[in-house]
Number of protein chains: 2
Amino acid sequence: MPAGQPEQRKPVEGGLQSVLTALDVLDCFAHEEELGISDVARRIGVAKSTAHRLLTTLCARGMAEQNPETGRYRLGMKLFALGQLAANRSQMHKIALPLLADLKERTGATIHLAIPDGVEMLYVERLETFREMALMSAVPRRVAAHATSSGKCVAAFDEVFANARLTAGLPPETQRTLGSARDYRAALLQIRQRGYAVSIDEAVVGLTSVAAPVFDRAGKACAAISIVGPTPRILANVGGPARLVQSAATVLARQLCR
Amino acid sequence: MPAGQPEQRKPVEGGLQSVLTALDVLDCFAHEEELGISDVARRIGVAKSTAHRLLTTLCARGMAEQNPETGRYRLGMKLFALGQLAANRSQMHKIALPLLADLKERTGATIHLAIPDGVEMLYVERLETFREMALMSAVPRRVAAHATSSGKCVAAFDEVFANARLTAGLPPETQRTLGSARDYRAALLQIRQRGYAVSIDEAVVGLTSVAAPVFDRAGKACAAISIVGPTPRILANVGGPARLVQSAATVLARQLCR
DNA sequence: GGCACCGTTCCGCTGAGTGGAACGCATGGC
DNA sequence: GCCATGCGTTCCACTCAGCGGAACGGTGCC
């Protein structure tokens, strides 16, 4: 370290360095299915030996796994095990489940509960309808926030989240995905006015979704409930689903704040 | 440390100590929804300050969360986010999904894919049937391995797993749960002979399941596919479901080894 | 065959991580 | 009302765990 600076203290750290680095390693895999040691080391800016040590440790506990054929690494199933526990125990999840089931019964469509995660929406629960199963499996568990009704919904009521998505860019998923900051902001404004969001073929061609925001105690949009279905069927009567998701979201929010 | 020992080296460790300890902390929450700092420190045998530092670090990255009301800690949603990625990317999951969907269509029942995790079975995928949804939600995502057909199935073909369950005990879930080591071993023997497992009201009263083992490249039972339904309906014709899960499991195993 | 890169291993230096002690604050039994 | 107990949190000095760099064997591409 080049001397000269009057020994600036930096207690800023969020905690233990090696643990933080280990978690950084896991984060590396958020958008890459498989990575080698050297890759990981480069991404998080540590020595190769350090990355190797960290990954070996993570593997020892099942948080990561090594592909014996390629020698590269991937996320481990232990993460899934713990993640399931986390989700099942979350207050929101517990309260939301019956509401979502009711929504599904009333609409006969697929219902999602999603929360913001970084610049994407993470689908925490998905209740599928039998006949539409094939369609739905086209929707991954995590989608860029500007391409879905849930994502736009949360962004509309969370300035920080909206801006994060903007600076991360608005990559097109389909021809109808919002592509410019101008369109994006206009869409958010309309959502704030209407109280719900609609996405027509913006994430997957042929699928339309309607979402309403769930507000937490602090008044922040902490989740969204959405209905997804084939575009023609949903568009035939947008008002119905819109009213239903809104009321479900409101009930959920009220029970959360209790 | 009391001197006297000739300074025995112990390079046995699976890796970085502080990272391993951090993962131990997460494991503490496997069977407890919420824990305080002191609890955690006691469980993993470190100083309170260490536990606090570790949990603060985990919270900083969303792997844990602090309940602002009680000051205690729980698992964080980041685990869920990463866990979903891990599951979706797993080879088995990718191959199994269409097979499971087909099974569901043929039987009209609820289908599970489960993997062994510790002394329990972890449900990696669940395809629910509309009309039975209420019933199924009684089944949690993780069940003691002696009370389910999937668990007995894997145990029947994995001595280590079976013994682990035995030493952990056979807590009764219902009146019909296998309770003695003798019954347990007898059940496993029968499963080995028949090639599939049946659980009648052993996990949840009124529900019966039929499961077949999935073998990996090494010939170990690495997962199980199961069909669940109301006891009377399943028992009316056990052979059908049994043959179907067996064939699905065989196909999955073959494709896995490819 | 040479080169570049991979995952892995080894090693000595040092500062990050450790446990213990002290803090302020609830809780509850006397 | 008060002391005892336990909580989550903060601080600190000692020391050994974790760091980067160098070296190794293997693989695949020019």
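What follows is a chat about the sheets, the helices on them and the contact between the chains.

Modeller: Keep in mind that this is a predicted model.

Colleague: What makes the pair D24(B) and R61(A) a salt bridge?

Modeller: The rule asks for a side-chain nitrogen of Lys or Arg within 4 Å of a carboxyl oxygen of Asp or Glu. The closest N and O atoms of D24(B) and R61(A) are 2.4 Å apart, so the pair meets the cut-off of 4 Å.

Colleague: How many salt bridges does the rule find across the interface of chain A and chain B?

Modeller: It finds 6 there, and the count over all chains comes to 20. Between chain A and chain B there are also 17 residue pairs in polar contact, both residues being at pLDDT 80 or more.

Colleague: Which elements of chain A supply the side that touches chain B?

Modeller: At least two residues each come from α1 (17-28), α3 (48-60), β2 (73-75), α4 (77-89), α5, β3 and β4 of chain A. The most comes from α4(A), with 13 residues. By class, that side of chain A has 28 nonpolar, 12 polar and 18 charged residues.

Colleague: How much area do chain A and chain B bury between them?

Modeller: About 5,100 Å², with 65% of it on carbon and sulfur atoms. The contact takes 58 residues from chain A and 58 residues from chain B.

Colleague: On to the sheets. How do you know that β7 and β8 of chain A pair?

Modeller: Pairing needs at least two bridges. Strand β7 (residues 207-215) and strand β8 (residues 221-230) of chain A have 9 bridges, in the antiparallel sense, so they count as paired. Within that pairing, A212(A) stands opposite I225(A) in β8(A).

Colleague: What about strand β3 and strand β4 of chain B?

Modeller: Strand β3 (residues 110-117) and strand β4 (residues 120-127) of chain B run antiparallel and are joined by 7 bridges. The requirement is at least two, so this is a pair as well. L113(B) stands opposite E125(B) in β4(B).

Colleague: Why are β5 and β6 of chain B put at the edges?

Modeller: The open sheet of chain B has 6 strands in the order β5-β4-β3-β8-β7-β6, with antiparallel pairing. β5 (142-144) and β6 (197-200) of chain B each have a single partner strand, so one side of each is left without a neighbour in the sheet. The twist averages 30° from one strand to the next.

Colleague: And which order does the sheet of chain A have?

Modeller: In chain A, 6 strands form an open sheet in the order β5-β4-β3-β8-β7-β6, with antiparallel pairing. Its edge strands are β5 (142-144) and β6 (197-200) of chain A, each pairing on one side only.

Colleague: Which strands of chain A does helix α5 lie across?

Modeller: Helix α5 (residues 91-107) of chain A lies across β3 (110-117), β4 (120-127) and β8 of chain A, at about 145° to β3(A). In chain B, helix α11 (residues 239-257) lies across β3, β7 (207-215) and β8, running at about 25° to β7(B).

Key. Residues numbered from 1 in each chain as written. Chains lettered and ligands numbered in written order. Predicted model: local features only at pLDDT ≥ 70, side-chain atom pairs only at ≥ 80, totals over all residues. Heavy atoms only, no water. Helix = DSSP H or I, 4+ residues; strand = E, 2+ residues; numbered from the N terminus. Contact = heavy atoms within 4.5 Å. Axes fitted to C-alpha atoms, helices over the stretch in contact; angles between N-to-C directions. Buried area = accessible area lost by both parts, 1.4 Å probe. Polar contact = N/O pair within 3.5 Å; in protein donor to acceptor, adjacent residues only side chain to side chain. Nonpolar A, V, L, I, M, F, W, Y, C, P; charged D, E, K, R; others polar.
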